[in-house]
Amino acid sequence: MSVRLTGAVRLTVAQALVRFLAAQYAERDGDRHRLIAATWGVFGHGNVAGIGQALVEHADAMPFHQGRNEQAMVHAAVGHARQTGRLSAHAVTTSIGPGATNLVTGAALATVNHLPVLLLPGDTFATRPADPVLQQLQVPYAGDVSVNDCLRPVSRYFDRIVRPEALIPAALEAMRVLTDPAATGAVTLALPQDVQAEAYDWPAAFFADRTWRIRRPSPDEHELAAAVEALGGAARPLIVAGGGVRHSGAEEALAEFAALTGIPVACTQAGKGVLPHDHPQDVGAVGHTGTAVADHLARTADVVLGIGTRWTDFTTASGTLFGHPAPRVVNLNVVAFDAHKLAALPLVADAREGIERLHALLGPHHVAAHYVHEYTEEKLRWEARVDAAYAAPDETARPTQTQVLGVLDTLVDPTDILINAAGSLPGDLHRLWRTRSRDQYHVEYGYSCMGYEIPAAIGVLLAAPGRPVWALVGDGTYLMNPTEIVTAVQERLPLKLVILQNHGYASIGGLSEAVGAERYGTDYRLRADDGGFTGPPLPLDLGANAASLGMRVLRPRTIRDLREALADARAATDPTCVYIETETADSVSGPPPAQAWWDVPVAEISTRPSAVKAREEYDRHVTARRRHL
């Protein structure tokens, strides 16, 4: 580094960016965090001489984590951002070409879930000394297009830095979006490899410490009055809590509001855990993977207050759940787009601010005692069903999937964090798991990305050192993305990985059977002599694979073994895998079954009886769909 001009610092573009990022902070309610806490990277020719050299130059200012797969690095960054309440993010740097396009899935996941991550893909030469360069995509009709343009639709902000001075406004804009509670998600700054290495005289003020305050928008008074009127006149109100409650840090405000009013609180996947399972007003999961009590309350609610939810089809049971003849919906959401869904009365505001204002204006209002008695008794009956699903009367038997969860349930405390994203586990966890703390339940179901769990667990471990962090995966998910096990070993992170071996895509296999596709192509089997997939299960040993990547692997066979293995893993200080083969009869969803429908269209005509029967069942359900107008 050398000073060329008064008040100016001469650095390369990459060096300037790294130094700038190291000086950014986010603050909310006096809680201040470093905004870009670390950078992940896989290096190639498109970033090794730019961002790579800059990270060496400023290694004391910017921590670095070595990834193995670009998509997985984004997942790790997302896990970190969620665990820190969106007050801190990670940057991810890649080379050009496949390194950059591998970011797209992770970027979509981050944006769908409103979680901040900064993407720094290398790009082709801005000066075009040779065209094409290695890994360049040439588009005949546009010389300024590269594969990084694939990131535009999945980014909340995108810019390509083709001149050094353009970095200043772009970097500031990137930080603004990362800290915007309504607009955050993936932010992409594409960096041509020649520009990364170019020197420039930067204003010294560009590198000064800067704090980005995350605002809490207050509700509009007219919207607030309409919401209070609707809730005040409700006989059977229901709150549906989504991820926005967690993002706002509004859990305590919601708990007090629910206790004051007696309004029951159901939760989406992203909202599960905002109330502990034993809170009197918590009625558990809602929607297709919901509890019987929450779904019954949803069907009979006259007013539904959604807080921080995007109202996905799993939550609304594809538009069939809210069965009251004229339900009123109030949506408290910091994102106006989401606040207007279901033809709702919008209440556009920060979740905590909105809850506190509703709390103050509703005053001593409380729902009728018989309503409280009704959902309290239904909740007790549901808990008995959960106990039955978890029960393991024969300790010498091979466990079912729900029994695995039941054993884990007996071992964890509020410090444990469970991570999952895809397969049959999200349904079982949403419906059955008893959350003990606001951040124990970490299921990514906005994008439901197979392969998320292991890298996300690494991001969570970096954000919450000292806490037991469990990545729960099926065999199908494990095969998608096990590479970051190497990173956990390298970083000496005590990842606790549970692999459930059920020899195929259990969740989609069950769905395939339900829609008349007869589980075609969903089992892991050797090809039979006739060319079909009816042979024996593949001779897979995923435990051996995990061991080859550096994990200590435990191989329980019975429920008793499993109890000992999970306890061993929980106490371990090194990366530990518990590899268990489950009973496949329970591999789809497990008892109790789904309490609400989900729309997956079935072939309207078919010569196969299974599809004809499935279509009849589909037509029966679809008639219950309603448009909220």
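## Packing, rings and a buried arginine

In this predicted model, Leu472 is in contact with Leu405, Leu408, Leu418, Ile419, Asn420, Leu425, Leu429, Glu453 and Val498, when its neighbours within four places in sequence are left aside. Leu472 is also among the residues with the most contacts inside the largest nonpolar core, which has 81 residues, and Leu254, Trp470 and Leu429 are others of that group. Helix α15 (residues 369–390) supplies the largest share of this core, seven residues. A second, separate core comprises 47 residues, including Val78, Ala108, Ile454 and Leu493.

Turning to the rings, a search of the whole structure finds 11 aromatic pairs, and two of them are set out here.

| Pair | Centre distance | Angle between planes | Class |
|---|---|---|---|
| Trp311 and Phe322 | 5.6 Å | 85° | edge-to-face |
| Phe314 and Tyr445 | 5.2 Å | 70° | edge-to-face |

Phe314 lies in helix α12, whereas Tyr445 lies in the loop between β19 (441–443) and α18 (453–463), 131 residues apart. Phe314 counts as buried because its relative accessibility is 12%, while Tyr445, with a relative accessible area of 23%, is partly exposed. Trp311 and Phe322 are both buried.

Charged side chains also meet rings: the charged end of Arg19 sits over the ring of Phe207, 4.7 Å from its centre, and that of Arg32 sits over the ring of Tyr25, 3.8 Å from its centre. Phe207 belongs to an aromatic cluster with Phe20, Tyr200, Trp202 and Phe206.

Arg82, found in helix α3 (residues 70–83), is buried yet has no salt bridge, and the nearest side chain of opposite charge, Glu444, is 7.4 Å away.

Conventions:
Residues numbered from 1 in each chain as written. Predicted model: local features only at pLDDT ≥ 70, side-chain atom pairs only at ≥ 80, totals over all residues. Heavy atoms only, no water. Helix = DSSP H or I, 4+ residues; strand = E, 2+ residues; numbered from the N terminus. Buried < 20%, exposed > 50% of the residue type's maximum accessible area, 1.4 Å probe, protein only. Lys, Arg positive; Asp, Glu negative; His and termini not counted. Salt bridge = Lys/Arg side-chain N within 4 Å of Asp/Glu carboxyl O. Core = buried A, V, L, I, M, F, W, Y, C linked by side-chain atoms within 4.5 Å. Contact = heavy atoms within 4.5 Å. Phe/Tyr/Trp six-rings, centres within 6.5 Å; stacked < 30°, edge-to-face > 60°. Lys NZ or Arg CZ within 6 Å of the ring centre and 35° of its normal.
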